[in-house]
Amino acid sequence: MITIKSEREVETMAMAGRILAETLAVVAAQVRPGVSTGELDELAEEFIRSHPGARPSFKGLYDFPKSLCTSINDEIVHGIPSERRVLEPGDILSVDCGVCIDDLHADSAITVPVGAVSEDVQRLLAVTRTALEAGIAAALPGNHVGDIGYAVQQVAERAGYSVVRELVGHGIGSSFHEEPQ
């Protein structure tokens, strides 16, 4: 069942979302060869906690030990940051993060190239950006969640890619994972 949020809850989640967007920008600015995913995690947690009342949503969620999920190259999601996981030139890094304020969450992810990347990787990043934009454009009153997924899938498949069917988006609010899936 989808939980309808109050105006106060929406405002709080928007505040968490703004901090989250800033966090992702701060982390992305530090992505470069030689940096460990553990360093990026420490930076993110420090930045989030520098905002009164804000805390990382992921840390402790389902016993997850860190503030970010950092997945390198063909890792799909939920990579655990570590000092031993050092970024190499040509990698791509998925950074997934959540911020909680007053027990209300925001969640987002970005993918960042590490230095210069191949033409194939540049194409992948461009297609996934286009797929994201198509999904956002399909998020309209009267449309269904399936319309969003369909828009994303169409862009990916037209470009010769596929979508991961085992992992889906989710609602968010007072619980980190809410309906709809």
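# Quick questions on a predicted model

User: What is the relative accessible area of lysine 59?

Analyst: Lysine 59 is partly exposed, with a relative accessible area of 36%. Buried means under 20%, exposed means over 50%, and partly exposed is in between (1.4 Å probe, protein chains only). The model is predicted, so local features need pLDDT of at least 70 and side-chain atom pairs need 80 or more, while totals for chains, interfaces and linings use all residues. Residues are numbered from 1 along each chain as its sequence is written, side-chain values use heavy atoms with hydrogens and water left out, and the number for lysine 59 is 36%.

User: Which residue forms a salt bridge with lysine 59 at 2.8 Å?

Analyst: Side chains of opposite charge can pair when their charged atoms come close. A salt bridge here is a side-chain nitrogen of Lys or Arg within 4 Å of a carboxyl oxygen of Asp or Glu. For lysine 59, the closest N and O atoms are 2.8 Å apart, and the partner is glutamate 45.

User: Which parts does the pair of glutamate 45 and lysine 59 tie together, and how many residues apart are they in sequence?

Analyst: Helices (H or I, at least four residues) and strands (E, at least two) are DSSP runs numbered from the N terminus. Glutamate 45 forms its salt bridge with lysine 59. Glutamate 45 lies in helix H2 (residues 37-49) and lysine 59 in the loop between strand S1 (54-56) and S2, so the pair ties together parts whose separation in sequence is 14 residues.

User: Is glutamate 45 buried or exposed?

Analyst: Its relative accessibility is 16%. Since the buried class takes in everything under 20%, glutamate 45 counts as buried.

User: Which residue meets arginine 165 in a salt bridge at 3.9 Å?

Analyst: Arginine 165 counts as exposed, at 58% relative accessibility. With 3.9 Å from N to O, the partner is glutamate 157.

User: Which residues do salt bridges with shared partners join into one network?

Analyst: The count by the salt-bridge rule comes to 6, and one of these bridges is between arginine 165 and glutamate 157. Bridges that share partners make one network out of Glu45, Arg49 and Lys59.

User: How do H3 and H4 run relative to each other, roughly parallel or roughly antiparallel?

Analyst: Helix H3 (residues 119-138) and helix H4 (residues 145-158) pack at about 155°, with their axes 8 Å apart. That angle makes H3, relative to H4, roughly antiparallel. Angles run from 0 to 180 degrees between N-to-C directions, with axes fitted to C-alpha atoms over the stretch in contact. Under 35 degrees counts as roughly parallel, 65 to 115 as roughly perpendicular, the rest as oblique, and over 145 as roughly antiparallel.

User: Which residues make the nonpolar surface patch of about 250 Å²?

Analyst: Patch members have over 30% relative accessible area and no salt bridge; like charges are joined within 9 Å, nonpolar side chains (Val, Leu, Ile, Met, Phe, Trp, Tyr) within 5 Å. Areas come from the Shrake-Rupley method with a 1.4 Å probe, and for residues only the protein chains shown count as cover. Isoleucine 76 is exposed at 51% and sits in the loop between strand S2 (68-72) and strand S3 (92-101). The patch is made by Ile76, Val164 and Leu167.

User: How far apart in space are arginine 32 and valine 114, C-alpha to C-alpha?

Analyst: Arginine 32 is in the loop between helix H1 (7-30) and H2, and is partly exposed at 41%. In sequence, arginine 32 and valine 114 are 82 residues apart. In space, the C-alpha to C-alpha distance is 5.1 Å.

User: What is the phi of aspartate 102?

Analyst: Aspartate 102 is found in the loop between S3 and strand S4 (104-113), and is exposed, with a relative accessible area of 56%. Its phi is positive in a residue other than glycine, with a value near 50°.
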